[in-house]
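Please look over the model shown here.

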Amino acid sequence: MALPFKFSTAKKRDQMLAIDLGGRTTKAVHLQRKGDRFVMTRYAVMDAPVFEKSISPELLSEHLKTVCETMAFKAKGVALAIGVQDSIVRHADMPQMPVGDIRQVLKNNSKNYLQQDLPGHVFDCSILALKAPNREQEKAKVSIGSSKFRVLVAGAKQQYLTDLQTAVRNTGLTAEHVLPGLFGPVNSLESALPEVFAKEVVALVDIGFKHTTICLMQGGELVLSRVVAIGGDRLTAGLAESLGISYAEAEGIKIGMAQEVQSNLESLVLPLGRELRASIDFFEHQYDKAVSQVYVCGATSRSECIMQLLQGELMVECKPWSPLGSIQLDLSPEQAAEIEHVAPELAVAAGAAIAAI
């Protein structure tokens, strides 16, 4: 499910440092390819430079230098995953034409195809399938040349990508792949659970800091995606307010002692559950397929209580999963001791690395 923006290189590497520029924390993984296996040699989770506003190229450059020093990374090429606040992912029905022409059409007329005016954006896309003619077209005997492609589109502001490139260059690195973070868990699921990815109808939920993404997968294809403006931050802040405790204390209770404050959490989790259920209902109605399981990642997925609350609202089994399921680990003893705890947070970074190599 790699969909890098068009300035990225297409060259594959045998190793890659992937950096997930998350809202509250930056996650990084170093993967190597050995035969048909991926090996992870190091990872990092560190505070992002700023939470509430856009980061300047200068500050981002310093942050990337710190990440590379922490990762002891000596090569030049990196893959960057950008958040939902800085990227869009949509499906569109486009006229049959080369990918380069589709990009230009979207740039000039995004509202017609994406139902949103997106000035100053750059787009990349992947053709999924030839869209079958509808009944009216068949009656009119429309030629196959006038049929449409079903296209998966990614977009971001040109200025943001330019600033990102500037920051990367200032560190002496090369941004070989830049992709929307929404694709990261999809790539990780394909690697970790290939049978589920290829054959089942599942929902893939990533609970981030400010947002939650849901991807509906059918037969190895991303059929529908949505971003919900509720994340782990709202759950923690709400819990802190209801209990009259600090944010840090609430974060610890949310993950480690959630059963003791289940009634407080229930009212906070319910709005998220309803939004996710609405997405699943829409998918099941449109495609006449039932979602069999919901796979949840992100730091919040470590809370057994929250998983139970979501399952009760979604009426589908919800389970946390490790994006590193099929990745061989070659970590230091210190990192190996923490990896099981950290793994749910690495889905985006691991997926970006997999896409790049």
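The report starts with the basis of the model and then takes the parts in turn.

This is a predicted model: local features need pLDDT of at least 70, side-chain atom pairs count only at pLDDT 80 or more, and totals for chains, interfaces and linings use all residues. Residues are numbered from 1 along each chain as its sequence is written, and side-chain values use heavy atoms, with hydrogens and water left out.

**Sheet.** Six strands form an open sheet with mixed pairing, in the order E8-E4-E1-E2-E3-E14. Strands E8 and E14 stand at the edges with a single partner strand each, so one side of each has no neighbour in the sheet. E3 and E14 run parallel and are joined by two bridges. Val 39 has Gln 328 in E14 as its bridge partner. Strands (E, at least two residues) and helices (H or I, at least four) are DSSP runs, numbered from the N terminus. Two strands pair if DSSP finds at least two bridges between them.

| Helix | Set against | Angle |

**Serine.** Ser 301 lies in the loop between strand E12 and helix H11. At 2% relative accessibility, Ser 301 counts as buried (under 20% relative accessible area, 1.4 Å probe, protein chains only). Its side chain has a polar atom 2.6 Å from the backbone oxygen of Gly 298.

Note on methods
Buried means under 20% relative accessible area, exposed over 50%, partly exposed in between (1.4 Å probe, protein chains only). A polar contact is a pair of N or O atoms within 3.5 Å; within protein, one must be able to donate a hydrogen and the other to accept it, and residues adjacent in sequence count only if both atoms are side-chain atoms.
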